[in-house]
2 protein chains.
Amino acid sequence: MDKKIIQELIDRYVSVSFDVNKKAESLIKGQIEEDLTIDQHYIIKYIQNSKECTSSELAEAFDVNKSAITAIINRLADRGLIERTRDENDRRVVYLTLSDKGKQLLQKTHEKVHLLVESIITQFDETEITNFINTYEKLALILTNMKMEEMGE
Amino acid sequence: MDKKIIQELIDRYVSVSFDVNKKAESLIKGQIEEDLTIDQHYIIKYIQNSKECTSSELAEAFDVNKSAITAIINRLADRGLIERTRDENDRRVVYLTLSDKGKQLLQKTHEKVHLLVESIITQFDETEITNFINTYEKLALILTNMKMEEMGE
DNA sequence: GGTGAATAGTTTAACAGTTTAACTAATATT
DNA sequence: AATATTAGTTAAACTGTTAAACTATTCACC
């Protein structure tokens with residue numbers, strides 16, 4: 001690839017990804033139910049989609065210290081959205097699950113976000129958006145590999 | 001478009017964008033100089049690229065209240081990275097500029113981030129990445145319009 | 001089988017970022 | 001001239017974050 005073209009692509013990518021992230025985040029904020037923060041929403045969502053979720057897994061997934069997770073989980077547990085259950089075989093481990101209240105909250109937000117994303121996605125033609133998501137997923141894979149290499153060092 | 005396909009695309013998009021954001025952010029964190037936070041980095045970057053930057057403009061661009069910007073700018077000004085200058089014609093307005101120290105810091109990070117993004121981008125072929133960025137920019141445009149409609153309500 | 005290392009999670013202190021509301025100072029409106 | 005609007009700051013309260021020290025449990029292995 002030509003050097004100049006690469007430089008231009010880099011600039012465009014850096015700029016557009018910042019832009020889209022900011023705006024998408026602010027749109028999602030608008031869809032979230034009842035005073036949940038965006039981080040709390042993502043934590044709840046992750047717990048729902050994970051089979052046996054632990055604090056360590058969350059810390060790994062969100063790339064923060066475990067104590068940051070403890071703080072968030074405490075707030076959500078205080079509000080009755082999350083429940084903690086000790087593993088009977090390994091009593092160090094605490095499994096996190098959503099309460100019914102937590103599930104309901106997530107469900108409402110999930111539907112709203114889906115509608116929002118749908119209203120955006122359908123403005124593209126199918127080939128374009130499919131290609132886009134395919135490349136996006138390749139990018140995710142590359143980033144995962146880079147992170148793993150970084151860990152391995 | 002078929003309903004099922006749309007649903008699948010939505011799920012994939014929501015999932016992959018979360019994934020890429022988390023990982024990209026953590027990679028960028030690793031490139032930032034001297035204890036700047038990622039928000040501080042983006043603020044400095046924005047000030048550099050804007051002609052006559054004010055707190056109000058930053059608050060708009062980052063979608064937060066002006067008082068949040070004041071707090072960040074205070075910290076950066078205390079460290080001598082940013083300077084404030086009052087507008088002589090409208091003395092309510094304060095222009096924000098980078099000090100030499102601030103510019104140097106940004107430059108170093110900028111180079112590192114560029115190298116990082118370059119090492120990623122060059123793993124794709126030119127057509128694919130160009131198409132990807134084109135679509136990404138369309139998406140940015142759609143989100144901008146949605147935000148503007150929201151404001152207009 | 002007991003000792004030391006590793007693991008899961010919590011606590012605490014300190015700080016960054018955020019919102020809301022009240023405020024100051026300057027400019028615009030009428 | 002009086003009133004409203006605008007730019008920015010301050011203060012209080014909260015969320016998210018790290019680093020370091022801690023508890024409780026399990027693992028390794030001699």
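## The surface near DNA strand D

By class, the surface near DNA strand D is made up of six nonpolar, eleven polar and eight charged residues. Here Ala, Val, Leu, Ile, Met, Phe, Trp, Tyr, Cys and Pro count as nonpolar, Asp, Glu, Lys and Arg as charged, and the others, Gly among them, as polar. A residue is near a strand if one of its heavy atoms lies within 4 Å of it. This is a predicted model, in which local features need pLDDT of at least 70 and side-chain atom pairs count only at pLDDT 80 or more, while totals for chains, interfaces and linings use all residues. Residues are numbered from 1 along each chain as its sequence is written, chains are lettered from A and ligands numbered from 1 in the order in which they are written, and side-chain values use heavy atoms, with hydrogens and water left out.

Which residues come closest to DNA strand D? Among the 25 that surround DNA strand D, they are Thr37(A), Asn65(A), Arg75(A), Ser56(B) and Arg84(B). Of the atoms of DNA strand D that come within 4 Å of the protein, 69% are sugar and phosphate.

## Polar contacts with DNA strand D

Now for some polar contacts (pairs of N or O atoms within 3.5 Å; within protein, one must be able to donate a hydrogen and the other to accept it, and residues adjacent in sequence count only if both atoms are side-chain atoms). Arg84(B) places a polar side-chain atom 2.7 Å from a phosphate oxygen of DNA strand D.

Helix 4 of chain A gives the most, with five residues. Helices (H or I, at least four residues) are DSSP runs, numbered from the N terminus.

## The surface near DNA strand C

DNA strand C is also surrounded by 25 residues, and the closest are Ser56(A), Arg84(A), Thr37(B), Asn65(B) and Arg75(B). Sugar or phosphate accounts for 67% of the atoms of DNA strand C within 4 Å of the protein, and the rest belong to bases. This surface has six nonpolar, eleven polar and eight charged residues.

A polar side-chain atom of Arg84(A) sits 2.7 Å from a phosphate oxygen of DNA strand C. For Arg92(A), a polar side-chain atom is 3.0 Å from a base oxygen, whereas Arg91(B) has a polar backbone atom 3.0 Å from a phosphate oxygen. Helix 3 (55–62) and helix 4 (66–78) of chain A, with helix 2 (38–49) and helix 4 (66–78) of chain B, each give two or more residues to the surface near DNA strand C. Helix 4 of chain B gives the most, with five residues.

## How the two copies relate

Two copies of a chain are related by a rotation about an axis and a shift along it.

Why do the copies meet through the same surface? Because 100% of the interface residues of chain B are also interface residues in chain A.

## Helix 2 and helix 4 of chain A

In chain A, helix 2 and helix 4 pack at an angle of about 85°, with their axes 11 Å apart. Axes are lines fitted to C-alpha atoms, for helices over the stretch in contact (heavy atoms within 4.5 Å), and angles run from 0 to 180 degrees between N-to-C directions. The two helices are therefore roughly perpendicular to each other, a term that covers angles of 65 to 115 degrees.

Note on methods. Parallel < 35°, antiparallel > 145°, perpendicular 65-115°, else oblique.
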